[in-house]
Amino acid sequence: MAKLSASNPTVQFLALLQLLLFGLSNGSNVYIVYMGEKTHLETELVQELHHGMLTTLLGSEEEAKSSILYSYKHGFSGFAATLTKSQAAHLANWPGVVRVIPNRILDLHTTRSWNFLHLNTEPWNGLLSVSRSGDESIIGVLDTGIWPESESFRDDDMGDFPSRWKGKCVEGEKFNVSNCNRKIIGARWYIKGYEAEYGKLNTSDMFEFLSARDAVGHGTHTSSTAAGVSVANASFLGLAHGLARGGASRARLAIYKVCWATGDCSSADILAAFDDAIHDGVDVLSVSLGQAPPLPAYVEDVLAIGSFHVAARGITVVCSGGNSGPYSQTVINTAPWVITVGASTIDRTFLTTITLGNNNTFAGQSLYVGKHPHRTFQIVFAEDIASNDAEASDARSCTAGSLNATLAKGNVVLCFQTRNQRSAAVAAETVSRSHGVGIIFAQFLTKDMAFSFDIPCIQVDFEIGTSILTYIGNTRNPVVKFSSMKTVVGKLIAPEVAYFSSRGPSSLSPFVLKPDIAAPGVNILASWSPASALSYSIGPVNFKIDSGTSMSCPHVSAIAALLKSVHPKWSPAAIKSALITTAYVKDGYGFDMVAEGAPYKQANAFDHGGGHVDPNKAVDPGLIYDMGVSDYMHFLCSMGYNNSAISSMTQHTMVCERTPKSQKDLNLPSISIPDLRKTLTVSRTVTNVGPTTSVYTACVEDPPGVSVLVKPSVLQFNATVQKLEFKVTFRSKLKVQGRYTFGSLTWKNNKYSVRIPMVVRTVINDFYTDA
C-alpha cells in the first residue's frame, strides 16, 4: 500500500490542510542523533548522557527537555530532538556520535493463504504441529496499531505471559490496560516525531486515536495475518467466506503504533519502537513500511540501523519489499540482516460474468460488494463521452474529471488503462462521480483487484476489453449485464509474483540479492478496523480483503515465529537461510513460476529471491548459511563506511582492512555478482543442522553465458565436522557486455535439497573504448 488516508472528501481536505499548514510553518527540524551501541548498561545513565549533551548544546536544562523527543537507551544509544541545522551540524562532530540523521517520513506498504501454504495441523510432523502454532513466541508489529476487540485477538485457552516479557500496555484515547490480554500482551504508540513535523494531531478532524487503537485497519490486518486466532464465518461483505486465521495463532502480539491515518510514519518514532522492542523481549518484528528509492546509506537509514541492533540480539526482522513493481531496482529494505518479502498470488479469485447484448460472455474479476440489480444497461466507451476540456487519453483511462457526466449518467463505461492512469480504483471513482452505473476496466493482466462499493467495477485484460469495444462500435444500441460475484478457489495457477511487487536488484548493494523470498500478498482476507474510513463509507467492516507486500510480510513473520519456537537457538540469519533454501520456484502444476508484468514472464530471483516460501520444508532444511554481527561488520567495511562509525554501531573495535573482505563473500544463502569481468571466486560456509553424518553433492544450474565450478563438489559431515566452506568460481563465456542471468546451486542428498539462487552480470572493462 502507499500512503493511507480517509476516503471522506471533507476529512481528506481537513487532514491535508493541517499537514500543509504545519509543514510550511514548522519545516523539518527533527534530527536523530545516533550513537551506536550503549556504553553504559544502566538506561538511566544513557538517558542522562543524552540530556547532558543537549543541555551543553542549548544552554539550559529546560531547553534540552523541551527539545528532546526520544532517548534511545535499551538496544542502542541516541536521541531524537528538534534542532536547527547548525545545531545538528555541531552535534555531528561530537565524540561518540556516529551520525546525525534528519527525520524522514516513511510510508505504509491482507485466509485462504495459510491453506494454500499447506500450513495445517496435518501432517503431524509439519511446522504448525511441531511448533504448537507458535505457542510462547512473541511477534512485534510496527504499523498503525490494532483493533483489540476483533475476534482474531481473543485469548481463549492462552496461558500467562511469557516470563521474559518486559513490555507495557500503554493507555491512550479509547485504549486502556483492559484492551490488552493474553494475546495482545503489549501496546505502545509513538507520535512525537510525527507531531514535530506536522504539529499536534487533531483527532476531531480525522479518523484517528491518540493511542495504540487502529483507525486505519492496516495494522489490524497485518497483526491478525501473523497471529490471529481462528474466526469462523469470516468474510469481506460476503466475499471470501470461510475460516480466517493467522499463521502463528498461539503466538503473542506486541503492538508498536508508529504510523498514522495520513499514512505517514516518522523515522524518529520508528527508531523508538525498535529500541523498546529490544527491551520488551520480542522474538520477531514484522515491519510493513519503508522508504521509496533512492535508498539511503545503511548508516543513515533508521530501518537498517534499528533492525541491525535488533538482529544483533537474536531477533528476526521481516520487512515488506515495496509495491513499485514490476520495475527493476525498486526493492527497498535491502539490509542483509533483514528478511525482505515480495508478494505472490494464491489460488483464489473473485469472478463475474459479463454478458453483452449479442449474448457473447466474458469472465472478469471484481471485488464489488454492493447490491446487484441483474439489469441490462447501456454501455459506452469512455473516450466517446469525454468532457470538453479532457484529452482523449485521459478520458480513455477515466482519469478524474475527464468524463461528460450527462453522457455517462445511467451507463456502464468501458475504460482502458494507460501509462499515465493505471488504477481501476481511480477509474471507478471517476465513473461513479459522473453518475455511471458500472465500469469495465481493461488493463494489464493481474490478479490484484480494486475494491468497489458504489458501482460494479469489473477488471478484464486488454483482449477482452478490445472485444467489448468492437461490439460497442458495431452495435446501434450496445448493452451489457453482470452476474453476481463468485469466489473461486483452487482453479487458478498459483503462485505468481504480483504485478506491484517491487523487484531487484538492490540499487544500494547489488551484491545482496533482494527480495529474499515471496509470500502471499494478493487479495488476503484478515481483520480490519471498524473505525476506518472504509467503515465510515459503507458501515462497520470487521474483515477486509487487501493486497500489497504489507500483506506478504506478516506471512513470513508468522513462519519465522514458528521456526523460532522449534529452533530457539537459531540466529536470524539461520531462520532466513532455512526459508530461502527450501523455497520453491514451481507453481502448483509443476510449471516454472511466472511474474505478472507487461507482459507476463518467467519469474527470476529479482522477482522472488530464493522462491516462494514453503513453511513445512523450512523447519528441517538440512544445511544453513549462518552469520553474526562480525560478518555484518565486514560487510559495512566493504560498503566504505569508516572504522569509527562501524565500531560505534557495534561496540566492537573494528579496523577495516585496506582491501576489505568483499561483499561477494558475505555468507548469504544466495550469490549475486553484478560485475563479473573474467573470473571470480566466491566463498560460502554451510552448517549441518540435519543428521550428524551426512553427505551432500553439488548440483549446478549455470547462469546462461557463465560457467560455474564448485570446490569441493562433495561435502561430508560427521560428529566432529558440522561446518564446511566451499568456493564457487564463475567464468564468463561472453566477450560483450552482458545482462543479468540466473542460475542456482543446490546441495543434494537422498533427503535434502538445499538450493540457493545465483545471479550474474558480465561487465566488459573496455566497453567504451571503441565509442
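# Exercises on strands, disulfides and a cavity

Strand β1 (residues 30-34) and strand β3 (residues 78-82) pair in the antiparallel sense over five bridges. Two strands pair if DSSP finds at least two bridges between them, and strands (E, at least two residues) and helices (H or I, at least four residues) are DSSP runs, numbered from the N terminus.

The model is predicted: local features need pLDDT of at least 70, side-chain atom pairs count only at pLDDT 80 or more, and totals for chains, interfaces and linings use all residues. Residues are numbered from 1 along each chain as its sequence is written, and side-chain values use heavy atoms, with hydrogens and water left out.

## Exercise 1: strand β1

Which residue of β3 is the bridge partner of I32, which residue of β4 is the bridge partner of I32, and how many residues of β1 are buried?

Step 1. On the β3 side, I32 has A80 as its bridge partner.

Step 2. β1 also runs antiparallel to strand β4 (residues 99-102), with four bridges joining them. In β4, I32 is partnered by I101.

Step 3. Buried means under 20% relative accessible area, exposed over 50%, and partly exposed in between (1.4 Å probe, protein chains only). Five of the five residues of β1 are buried, and the strand is mostly covered.

Step 4. V30, I32 and Y34 point one way from β1, while Y31 and V33 point the other way; all are buried.

## Exercise 2: strand β23 and its cysteine

Step 1. Strand β21 (residues 438-443) runs parallel to β23, and five bridges join the two.

## Exercise 3: an open sheet

Give the strand order of the open five-stranded sheet and name its edge strands.

Step 1. The order is β32-β39-β38-β34-β36, and the pairing is mixed.

Step 2. β32 (671-676) and β36 (714-717) are the edge strands, each pairing on one side only.

Step 3. Neighbouring strands of this sheet are turned by 20° against each other on average, direction ignored. For such values, axes are lines fitted to C-alpha atoms, for helices over the stretch in contact, and angles run from 0 to 180 degrees between N-to-C directions.

Step 4. Within the order, strand β38 (residues 740-748) and strand β39 (residues 753-762) run antiparallel and are joined by nine bridges. T741 has V760 of β39 as its bridge partner.

## Exercise 4: disulfides

How many disulfides does a search of the whole structure find, and is the link of C259 and C265 right-handed or left-handed?

Step 1. A disulfide is a pair of cysteine sulfur atoms within 2.5 Å. The search finds three.

Step 2. C169 and C180 are joined with an S to S distance of 2.0 Å. The torsion about their S-S bond is about 85°, so this disulfide is right-handed. Both C169 and C180 are buried.

Step 3. The sulfur atoms of C259 and C265 are 2.1 Å apart in their disulfide. This link is right-handed, with 110° about the S-S bond. Both C259 and C265 are buried.

Step 4. C398 is joined to C415, S to S 2.0 Å. Here the torsion is about -70°, so the disulfide of C398 and C415 is left-handed. C398 lies in the loop between α11 (392-396) and α12 (405-408) and C415 in strand β20 (residues 412-416), so the pair ties together parts that are 17 residues apart in sequence. Both C398 and C415 are buried.

Step 5. C457 is in no disulfide; the nearest cysteine sulfur, that of C415, is 8.4 Å away.

Step 6. For C699, the relative accessibility is 32%, so C699 counts as partly exposed.

## Exercise 5: the largest cavity

What is the volume of the largest cavity, and which helix gives the most to its lining?

Step 1. On a 1 Å grid over the protein atoms alone, a cavity is a set of points where a 1.4 Å probe fits but cannot get out; lining residues have an atom within 4 Å of a point. Grid points are joined across faces, edges and corners, and a volume is the space filled by probe spheres set on the points.

Step 2. The volume of the largest cavity is about 140 Å³.

Step 3. Its lining has 14 residues, of which D301, L303, A304, N333 and T334 lie nearest the centre. Helix α10 (residues 302-312) gives the most to this lining, with three residues.

Step 4. By class, the lining has nine nonpolar, four polar and one charged residues. Ala, Val, Leu, Ile, Met, Phe, Trp, Tyr, Cys and Pro count as nonpolar, Asp, Glu, Lys and Arg as charged, and the others, Gly among them, as polar.

Conventions
1 Å grid on protein atoms, 1.4 Å probe; cavity = no way out; pocket = protein on both sides within 12 Å on 5 of 7 lines; lining within 4 Å.
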